[in-house]
Amino acid sequence: GTWGSWGPWSSCSSSCGDGVALRSRRCLRSGEEQPCTGDPRQYRLCQLQGCPSGSVPFRAMQCSLYDNRPVLGTSARYRWLPFHGGQSRGGDGVTGAPRHHPNTPSHPALAAPNLCDLNCLAEGHNFYYSFGRVLDGTRCSPGSPDLCVGGRCLSVGCDGILGSGSRPDACGHCGSGRGSCVLVHRLFQGSDPSSGYLGYVNVTKIPAGATNIKVTDKSRNYLALMASDGRFVLNGDWAIARPGPYEAAGTLLTYSRAPDGTESLEAPGPTHEDLQVMV
């Protein structure tokens with residue numbers, strides 16, 4: 001079978017914060033052909049402006065839709081809070097591990113809850129209830145970068161597509177083929193001039209676009225770093241900088257110096273301009 005072209009992306013599932021957009025395609029085949037292999041739907045992360053302060057978290061909002069509504073086959077009314085598994089927390093007066101209510105047979109009482117089920121804890125009570133799946137674009141758990149889509153917890157690839165498995169290569173490029181980056185490892189050695197001259201000596205140039213940068217030195221000298229415009233970024237003009245973070249060439253540079261004289265410069269990159277390393 002052969003796939004048709006992808007349709008347009010849908011609008012985002014959320015009005016602020018993180019959400020997902022969907023696009024689909026049709027399988028073009030006749031009765032004699034095999035069905036298409038692959039997924040007819042694709043989801044991507046859409047990041048919008050941050051939600052206003054005080055906004056109710058997305059999962060909590062979904063649980064609250066069932067507040068004071070008849071559930072569990074009784075006339076009892078409850079307020080519902082998100083339940084993520086483990087010990088309950090947060091001012092609800094409940095201790096211990098909440099149990100799953102027996103009226104929902106989709107999960108055994110002792111099973112760990114599915115991250116993409118709408119599991120809600122009855123406030124003030126020691127049980128939770130599953131109201132089906134969470135809406136697409138809900139975080140799998142607090143602080144997790146992964147999102148729920150169709151009841152599955154999916155990671156976002158570097159291409160923004162959920163479940164694609166795409167990861168950046170060592171050069172920080174997404175979806176690049178092999179050979180897209182080159183590992184450069186150089187050792188600089190020099191002897192002190194007999195005249196006793198003191199000054200700055202060029203070691204090497206770190207070119208624009210470099211990533212995973214690490215420079216180390218263990219000598220009586222100090223490392224120095226100069227930007228492409230001739231301005232010193234670190235240890236310039238005979239002044240010794242304090243260890244710590246520095247902004248340079250569009251990346252965050254970390255400078256460390258040990259009591260025995262060992263120094264290091266590290267930066268994830270990529271750099272936006274050439275940097276000159278000196279001692």
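This is a predicted model: local features need pLDDT of at least 70, side-chain atom pairs count only at pLDDT 80 or more; totals for chains, interfaces and linings use all residues.

Visitor: Why is the pair of Tyr66 and Phe131 called stacked?
Guide: Planes under 30 degrees apart count as stacked. The ring planes of Tyr66 and Phe131 are at 15°, with the centres 3.9 Å apart, so this pair is stacked.

Visitor: Where in the chain do the two partners sit?
Guide: Tyr66 is in the loop between helix H1 (58–64) and strand S5 (80–82), while Phe131 is in strand S8 (residues 127–133). The pair links distant parts of the chain, 65 residues apart.

Visitor: What makes the pair of Trp80 and Phe127 edge-to-face?
Guide: That label calls for planes over 60 degrees apart. The rings of Trp80 and Phe127 have planes at 75° and centres 6.3 Å apart, so the pair is edge-to-face. Trp80 lies in strand S5 and Phe127 in strand S8, so the pair ties together parts that are 47 residues apart in sequence. Trp80 counts as buried at 3% relative accessibility, and Phe127 counts as buried at 6%.

Visitor: Which residues do ring pairs link into a cluster?
Guide: The cluster is made of Tyr66, Tyr78, Trp80, Phe127, Tyr129 and Phe131.

Visitor: Let us turn to the disulfides. How do you know that Cys16 and Cys51 form one?
Guide: The sulfur atoms must lie within 2.5 Å. For Cys16 and Cys51 the S to S distance is 2.0 Å, so a disulfide joins them. It is one of six in the structure. Cys16 is in the loop between strand S1 (2–3) and strand S2 (18–24), and Cys51 is in the loop between strand S4 (41–47) and H1, 35 residues apart. The link of Cys16 and Cys51 is right-handed, with 95° about the S-S bond.

Visitor: Why is the disulfide of Cys116 and Cys148 called left-handed?
Guide: The torsion about the S-S bond of Cys116 and Cys148 is about -85°, so the disulfide is left-handed. Their sulfur atoms are 2.1 Å apart. Both ends are buried: Cys116 at 0% relative accessibility and Cys148 at 1%.

Visitor: And what makes the disulfide of Cys140 and Cys153 right-handed?
Guide: Here the torsion about the S-S bond is about 120°, so the disulfide of Cys140 and Cys153 is right-handed. Cys140 counts as buried at 1% relative accessibility, whereas Cys153 counts as partly exposed at 36%.

Visitor: How do you know where empty space is left?
Guide: Rolling a probe the size of a water molecule over the atoms shows that. The second largest pocket has a volume of about 460 Å³. Of its 20 lining residues, the closest to its centre are Val56, Pro57, Phe58, Arg59 and Arg139.

Visitor: What kinds of residues make up the lining of the second largest pocket?
Guide: The lining divides into 10 nonpolar, seven polar and three charged residues. H1 gives the most to this lining, with four residues.

How values were computed
Residues are numbered from 1 along each chain as its sequence is written. Side-chain values use heavy atoms; hydrogens and water are left out. Rings of Phe, Tyr and Trp (its six-membered ring) pair if their centres lie within 6.5 Å; planes under 30 degrees apart count as stacked, over 60 as edge-to-face and the rest as tilted. Helices (H or I, at least four residues) and strands (E, at least two) are DSSP runs, numbered from the N terminus. Buried means under 20% relative accessible area, exposed over 50%, partly exposed in between (1.4 Å probe, protein chains only). On a 1 Å grid over the protein atoms alone, a cavity is a set of points where a 1.4 Å probe fits but cannot get out, and a pocket is an open set with protein on both sides within 12 Å along at least five of seven lines; lining residues have an atom within 4 Å of a point. Grid points are joined across faces, edges and corners, and a volume is the space filled by probe spheres set on the points. Ala, Val, Leu, Ile, Met, Phe, Trp, Tyr, Cys and Pro count as nonpolar, Asp, Glu, Lys and Arg as charged, and the others, Gly among them, as polar.
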